Amino acid sequence: MQGWKTFLYHSSQILDTLGINSLADAIDWASRVVFIYQSIGWLKKSFGKRIEKKPTIEQLEEYIRRAERWELSQLSSTLHAAPELLKLVLSEVGYISQDGELFVYDEVIATQRKEEERKRKAEKENSHGTQVDCRKMNKVIEELNVTILYYASLQNEKKAEECGKETRIGKCVEQVICKYREFLWWDEVREELKVRDPLPEKFTEEIQGKICRDVRALEEELSGKCRELEKNESF
């Protein structure tokens, strides 16, 4: 699920009020939780019942790129996939539609998507004003943020509208933040762990290694809870 989790995480950052098909500023935490909650439902209904039978997001994108245009209803029927999920993937790959049924590849939109990916890659390579290669730390922190949002979205015993309000889990990262407060901070608006920029001069490879170890341990703990929730929901 890691690829799908990351795909939905990034998709949730560029939604319009309809949830798909245009670039916009990041929406608020509760709306992102609800969006991923809904997306998980679309994914559960798609490609068969068992999680191990579902294609990776990369495989689906590769399949979609084979044609310049797609009729949504036909694509949905062929892949046994929820049309809402396919709309999202088509949009992310660079297809547009005037009527919500026929999707045509658009070079301008595809270029925008590539630019978004380039910016994400640059952020992962950000050294935060130091001489230290911070790619390892940036990677594990993004993985934690992806899992935090996914975990909150799996708390679907509550109504979707309440999910974002009642599953904020900033407390789970308090220990890491307190331990590394000179280097990390918690964005209460986005509900995400972030690296201070610029980092203080005292930041070293050794410190990065310690941060990576503790953040990875927290991400693995939350991932375990996610797997249990997936089992309970017969994902």
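Visitor: In what sense do β2 and strand β3 pair, and over how many bridges?

Guide: This is a predicted model, in which local features need pLDDT of at least 70 and side-chain atom pairs pLDDT 80 or more, while totals for chains, interfaces and linings use all residues. Residues are numbered from 1 along each chain as its sequence is written, and side-chain values use heavy atoms, without hydrogens or water.

The pairing of β2 with β3 (residues 102–105) is antiparallel, and it runs over three bridges. Pairing here asks for at least two DSSP bridges between two strands. Helices (H or I, at least four residues) and strands (E, at least two) are DSSP runs, numbered from the N terminus. Within this pairing, Ser 97 stands opposite Phe 103 of β3.

Now widen the view to the sheet. The sheet is open and has three strands, in the order β1-β3-β2, paired antiparallel. The edges belong to β1 (69–71) and β2 (95–97). Each of these two edge strands has a single partner, so one side of each lacks a neighbour in the sheet. From one strand to the next, the twist averages 25°.

A helix covers part of this sheet. Helix α4 (residues 72–79) lies across β1 and β3. Its direction is at about 75° to β1. Axes are lines fitted to C-alpha atoms, for helices over the stretch in contact, with angles from 0 to 180 degrees between N-to-C directions.

Strand β4 (residues 184–187) and strand β5 (residues 192–195) are antiparallel and share four bridges. One of the bridge pairs joins Asp 187 to Glu 192 of β5.

Follow the chain past β5. Asp 197 sits in the loop between β5 and α10 (205–232). Leaving aside residues up to four places away in sequence, Asp 197 touches Asn 126, His 128 and Gly 129. Contact means heavy atoms within 4.5 Å. Asp 197 and Gly 129 are 68 residues apart in sequence, yet their C-alpha atoms are 6.9 Å apart in space.

α3 packs on α5 at an angle of about 70°, and the axes are 10 Å apart. That makes α3 roughly perpendicular to α5, a label for angles of 65 to 115 degrees (under 35 is roughly parallel, over 145 roughly antiparallel, the rest oblique). From α3 come Ile 57, Leu 60, Glu 61 and Ile 64. From α5 come Leu 86, Val 89, Leu 90 and Val 93. By class, this contact of α3 with α5 holds seven nonpolar residues, no polar ones and one charged residue. Nonpolar means Ala, Val, Leu, Ile, Met, Phe, Trp, Tyr, Cys and Pro; charged means Asp, Glu, Lys and Arg; the others, Gly among them, are polar.

α3 also meets α1. The axes of α1 and α3 come within 8 Å and cross at roughly 70°. So α1 is roughly perpendicular to α3. Gly 3, Trp 4 and Phe 7 of α1 meet Ile 57, Leu 60 and Glu 61 of α3. Here the classes are four nonpolar, one polar and one charged.

On the α2 side, the contact is made by Trp 29, Arg 32, Val 33, Ile 36, Tyr 37 and Ile 40. On the α7 side, Ile 148, Leu 149, Tyr 150, Ala 152 and Ser 153 take part. The contact of α2 with α7 divides into nine nonpolar, one polar and one charged residues.
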